[in-house]
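Here's a quick briefing to read with the model open beside you. Keep the viewer handy, as the notes go topic by topic.

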Amino acid sequence: MFKEAAIRKEFDLQGIVPWGRRYDEYAEFFALADLPLEGAVLDVGGGPASFAAEAAGHGIEVLACDPIYAASGAAIRHRFEETRNDMMAGLRVAQYRFNWKRYGSPERIERIRREALDIFLADFEVRGRERYVPASLPALPFGNDAFQTALCSHLLFLYGDDLDAAFHVAAMKELARVAREVRIFPLINLDGRPSSHLPVVMEALEEAGLFAELVPVPFEFQRGATRMLRIRKG
Ligand SMILES: C[S@@+](CC[C@H](N)C(=O)[O-])C[C@H]1O[C@@H](n2cnc3c(N)ncnc32)[C@H](O)[C@@H]1O
């Protein structure tokens, strides 16, 4: 009991925080090498990631959605700065349960997150609602199969203490409604343990006639987070 409380405190975050990643990171989380280039991609919970902005240069059309896009760029930067201290403190305390091969140090991670934020904010300013839609799971304002692929990075499963199993099931079904294929990463909690929601969600998806599988990806930062969840229809 005491041990669990101590582990959770390593990342003492104020809710689900805006902390964004770059295109090359997404490419590894989601093994994007096999992504059909002609299909539109939805980045759900995109936050201050630069994936949508950078993907255009890789020939991939990405629309991002996140409730935070209702805020101004200045407010998003402010929220990032509020998050930064808690995130860096967590990374330093919990260093032992990350694989540092890719990033090297918490300071390098902060540099990459700031690069992502700057690229995102510049693009958010120019493209606005055309590329960044304010919207929240589990109800998205898109038609059935509007996208070839929906990606969801560092939201579902990671924030499993904030979002319960019923939310995850509803969110997954919604993602599978708007996209032909769904990819989710990571499948591990903030505290570094495999999400207890995963078996429940996979069973519910199979019952709904969806095909859910765990697929190895060429990335590991949280130790053991080496697979994504891929959902396909029929
Ligand atoms: C840790 S950030 C991840 C950002 C980005 N996906 C990445 O991996 O770099 C989590 C994001 O999820 C967003 N979020 C929180 N609740 C959400 C919901 N119900 N639906 C969609 N996005 C949500 C937050 O606003 C935040 O920007």
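A nonpolar core here means a set of buried Ala, Val, Leu, Ile, Met, Phe, Trp, Tyr and Cys residues joined through C-beta atoms within 7 Å. In this predicted model, the largest such core has 61 residues, and the ones touching the most other members are Ala-150, Met-172, Leu-175 and Ile-184. Helix α5 (residues 106–127) supplies the largest share of this core, with 6 residues.

**Core**
- Ala-150 is a handy place to start looking: leaving out neighbours within four places in sequence, Ala-150 is in contact with Leu-42, Val-44, Leu-175, Val-178, Ala-179 and Val-182.
- Across the whole chain of 234 residues, 38% count as buried.

**Overall build**
- The chain has 7 helices and 7 strands, and going along the sequence they come in the pattern α-α-β-α-β-α-α-β-β-α-β-α-β-β.
- The radius of gyration is 17 Å, close to the 17 Å that the globule rule gives for 234 residues, so the chain is as compact as a globular protein of that length.
- Along its principal axes, the C-alpha trace spans about 45 × 40 × 30 Å.
- Counting contacts with a separation of 6 or more, 76% are between residues 24 or more positions apart.

**The sheet**
- What order do the strands of the open sheet take? The 7 strands run β3-β2-β1-β4-β5-β7-β6, with mixed pairing.
- The edge strands, β3 and β6, each pair on one side only.
- Strands of a sheet pair through backbone hydrogen bonds, either parallel or antiparallel.
- β1 and β2 (residues 62–65) run parallel and are joined by 4 bridges.

**Around the ligand**
- There are 19 residues around the ligand, and those that come nearest are Arg-21, Gly-45, Gly-47, Ala-49 and Ser-153.
- Sorted by class, that shell has 10 nonpolar, 7 polar and 2 charged residues.

- Most residues other than glycine have a negative phi, and most peptide bonds are trans.
- Ala-31 is not a glycine, yet has a positive phi of about 45°. Ala-31 sits in the loop between α2 (23–29) and β1 (41–44).
- His-154 also has a positive phi, about 55°, without being a glycine. His-154 is in the loop between β4 and α6 (165–178).
- Is His-154 buried or exposed? His-154 counts as buried because 22 C-beta neighbours lie inside 10 Å, and the cut-off for buried is 20 or more.
- Ala-31, in turn, has 18 C-beta neighbours inside 10 Å, so Ala-31 counts as partly exposed.
- Leu-137 and Pro-138 are linked by a cis peptide bond, with omega near 15°. Pro-138 belongs to the loop between β3 (132–133) and β4 (147–153).
- The peptide bond joining Phe-185 and Pro-186 is cis too, with omega about -5°. Pro-186 is found in the loop between β5 (179–185) and α7 (197–207).

- With 13 other C-beta atoms within 10 Å, Leu-214 is partly exposed, because exposed would take 12 or fewer.
- Not counting residues up to four places away in sequence, Leu-214 touches Arg-227 and Leu-229.
- Leu-214 and Lys-233 are 19 residues apart in sequence, and their C-alpha atoms are 15 Å apart in space.
- Why does Arg-129 count as exposed? Arg-129 is exposed because there are 10 other C-beta atoms within 10 Å, and the limit for exposed is 12 or fewer.
- Arg-129 and Ala-64 are 65 residues apart along the chain, with 9.4 Å between their C-alpha atoms.

Methods: Residues numbered from 1 in each chain as written. Predicted model: local features only at pLDDT ≥ 70, side-chain atom pairs only at ≥ 80, totals over all residues. Near = placed C-beta within 6 Å. Nonpolar A, V, L, I, M, F, W, Y, C, P; charged D, E, K, R; others polar. Contact = placed C-beta atoms within 7 Å. Helix = DSSP H or I, 4+ residues; strand = E, 2+ residues; numbered from the N terminus. Rg over C-alpha atoms; globule rule 2.2 N^0.38 Å. Pairing = 2+ DSSP bridges.
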